[in-house]
Amino acid sequence: MEIWVDADACPAVIKEILFKAAVRTGVQMTLVANRPVRIPVSRCIRFVQVRAGLDVADHEIIKRLAAGDLVITADIPLAADVIEKGGWALNPRGEMYSVENIRARLGMRDFLDSLRASGIETGGPPTLNKTDRQLFANQLDQFLTRAAQKS
């Protein structure tokens, strides 16, 4: 099992949680982005830089993903592709995407996109807060504990 991070949009505080978890558990983690990302020196953390462009990092993650891998992303279409390929997807706010909820998330995303395209201001997501960070850390820890029990 490997952790993949859609690093272009991943908040720094979430990356720090991920770095600590990877070092603590020894799970291989790869951050993928189209611009340089600073990572700590560790044998289990690496970085892959891809060329700039729409969804280039997403396509690289899907290309390298194996069934059972975990992807950290707020990108709902990427999360849907991960689930379709047999992986797991966790939002930086701590929501685990699943077969059961991904269609509803895609529908809402598409609806909001259509509102924005028609000129309606929908606003962005709220600022990541302490509760979001704690929920993310808890979900990540639970996932890593289950993965360790299976191996």
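How many bridges join strand E2 to E3, and in which direction do the two strands run? In this predicted model, strand E2, which covers residues 28-33, is joined to E3 by 5 bridges, and the two strands run parallel. Within this pairing, Val32 has Val48 of E3 as its bridge partner. Both strands belong to an open sheet of 6 strands, arranged in the order E3-E2-E1-E4-E5-E6 with mixed pairing. Helix H5, formed by residues 130-150, lies across strands E1 (2-6), E4 (70-72), E5 (88-90) and E6, and runs at about 160° to E5.

The protein as a whole contains 5 helices and 6 strands, which follow one another from the N terminus in the order β-α-β-β-α-β-α-β-β-α-α. The radius of gyration is 15 Å, close to the 15 Å given by the globule rule for 151 residues, so the protein is as compact as a globular protein of that length. Of the 151 residues, 40% count as buried, and among contacts between residues at least 6 apart in sequence, 48% join residues at least 24 apart.

Asn101 is located in the loop between strand E6 (96-97) and helix H4 (102-117). This residue counts as buried because its relative accessibility is 15%, the cut-off being under 20%. A polar atom of the Asn101 side chain lies 2.8 Å from the backbone nitrogen of Ser98, and, when neighbours within four places in sequence are left aside, Asn101 is in contact with Glu95 and Met96.

Terms used
Residues numbered from 1 in each chain as written. Predicted model: local features only at pLDDT ≥ 70, side-chain atom pairs only at ≥ 80, totals over all residues. Heavy atoms only, no water. Helix = DSSP H or I, 4+ residues; strand = E, 2+ residues; numbered from the N terminus. Buried < 20%, exposed > 50% of the residue type's maximum accessible area, 1.4 Å probe, protein only. Polar contact = N/O pair within 3.5 Å; in protein donor to acceptor, adjacent residues only side chain to side chain. Contact = heavy atoms within 4.5 Å. Pairing = 2+ DSSP bridges. Axes fitted to C-alpha atoms, helices over the stretch in contact; angles between N-to-C directions. Rg over C-alpha atoms; globule rule 2.2 N^0.38 Å.
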